[in-house]
Amino acid sequence: MALFVLLFSLITFVGSVIAIPWVVGRLDCNYFRAFALRVERGETKDRNGPFFVWALARNTLGLVLVALGLAMLVLPGQGIITLILGLSLLDFPGKRLLFARILKRRAVQQTLNWIRRKQGREEFVFSNSTKTGEHCYETRKNY
């Protein structure tokens, strides 16, 4: 049993150290600003046929990441960031409001931007930014 816990801890640690920065680095720097705008407008997603297959896969991965994030709170790894990514994949009532609250925390913003700077990417722009007229120039996705 101890060997299993050790291997699980090692795999989750190495996996999170590789995967989390990769995912955070791939996001557009306006991702969280666009998210905040969708929350303010109360927008919802279209729920057509392929949505359900995609939703099942996304929610399964989200549950796995939440479980790993909870484990990494006591084991080595990036538990909080893994939890946030897992929760972002799940569909549940109040998700957007929960994320709006989490993303207002300065520590969360600083951690995400620290990962971006380490990769040589522009910092994220958050909706509660103190700088007026702040924007970034990366444009990989339309929001």
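Asp 91 is partly exposed, with a relative accessible area of 33%. In this predicted model, its side chain meets that of Arg 58 in a salt bridge, at 2.4 Å from N to O. The pair links distant parts of the chain. Arg 58 sits in helix H3 (residues 49–72), while Asp 91 belongs to the loop between H4 and H5, 33 residues apart. Arg 58 counts as buried because its relative accessibility is 8%, under the 20% limit.

Asp 91 also matters for the account of Lys 95, a residue of helix H5 (residues 95–103). Lys 95 is buried yet has no salt bridge. Which side chain of opposite charge is nearest to Lys 95? It is Asp 91, 4.2 Å away. Lys 95 does have a polar neighbour: the backbone oxygen of Ser 88 lies 2.6 Å from a polar atom of its side chain. Beyond its neighbours within four places in sequence, Lys 95 is in contact with Leu 87, Ser 88, Leu 89 and Leu 90.

The whole structure holds two salt bridges. Besides the Arg 58 and Asp 91 pair, the side chains of Glu 123 and Arg 117 meet at 2.6 Å, N to O. Glu 123 counts as partly exposed because its relative accessibility is 35%. Arg 117 is partly exposed too, with a relative accessible area of 45%.

Now the overall fold. The protein has six helices and zero strands. Of its 143 residues, 34% count as buried. Among contacts between residues at least 6 apart in sequence, 65% join residues at least 24 apart. The accessible surface comes to about 9500 Å², and 66% of that belongs to carbon and sulfur atoms.

Next comes the interior. In soluble globular proteins, nonpolar side chains tend to be buried together. Here the largest nonpolar core has 16 residues, of which Phe 32, Leu 112 and Phe 124 touch the most other members. Helix H1 (2–26), helix H4 (79–89), H5 and H6 each supply at least two residues of this core. Leaving aside neighbours within four places in sequence, Phe 32 is in contact with Leu 27, Leu 103, Leu 112, Phe 124, Val 125 and Phe 126.

Helix H6 (residues 106–118) also carries Trp 114. Is Trp 114 buried, partly exposed or exposed? It counts as partly exposed, because its relative accessibility is 48%. Its C-alpha atom is separated by 9.9 Å from that of Pro 21, a residue 93 places away along the chain.

Terms used. Residues are numbered from 1 along each chain as its sequence is written. This is a predicted model: local features need pLDDT of at least 70, side-chain atom pairs count only at pLDDT 80 or more; totals for chains, interfaces and linings use all residues. Side-chain values use heavy atoms; hydrogens and water are left out. Helices (H or I, at least four residues) and strands (E, at least two) are DSSP runs, numbered from the N terminus. Buried means under 20% relative accessible area, exposed over 50%, partly exposed in between (1.4 Å probe, protein chains only). Contact means heavy atoms within 4.5 Å. Accessible areas come from the Shrake-Rupley method with a 1.4 Å probe; for residues, only the protein chains shown count as cover. Lys and Arg count as positive and Asp and Glu as negative; His and the chain ends are not counted. A salt bridge is a side-chain nitrogen of Lys or Arg within 4 Å of a carboxyl oxygen of Asp or Glu. A polar contact is a pair of N or O atoms within 3.5 Å; within protein, one must be able to donate a hydrogen and the other to accept it, and residues adjacent in sequence count only if both atoms are side-chain atoms. A nonpolar core is a set of buried Ala, Val, Leu, Ile, Met, Phe, Trp, Tyr and Cys residues joined through side-chain atoms within 4.5 Å.
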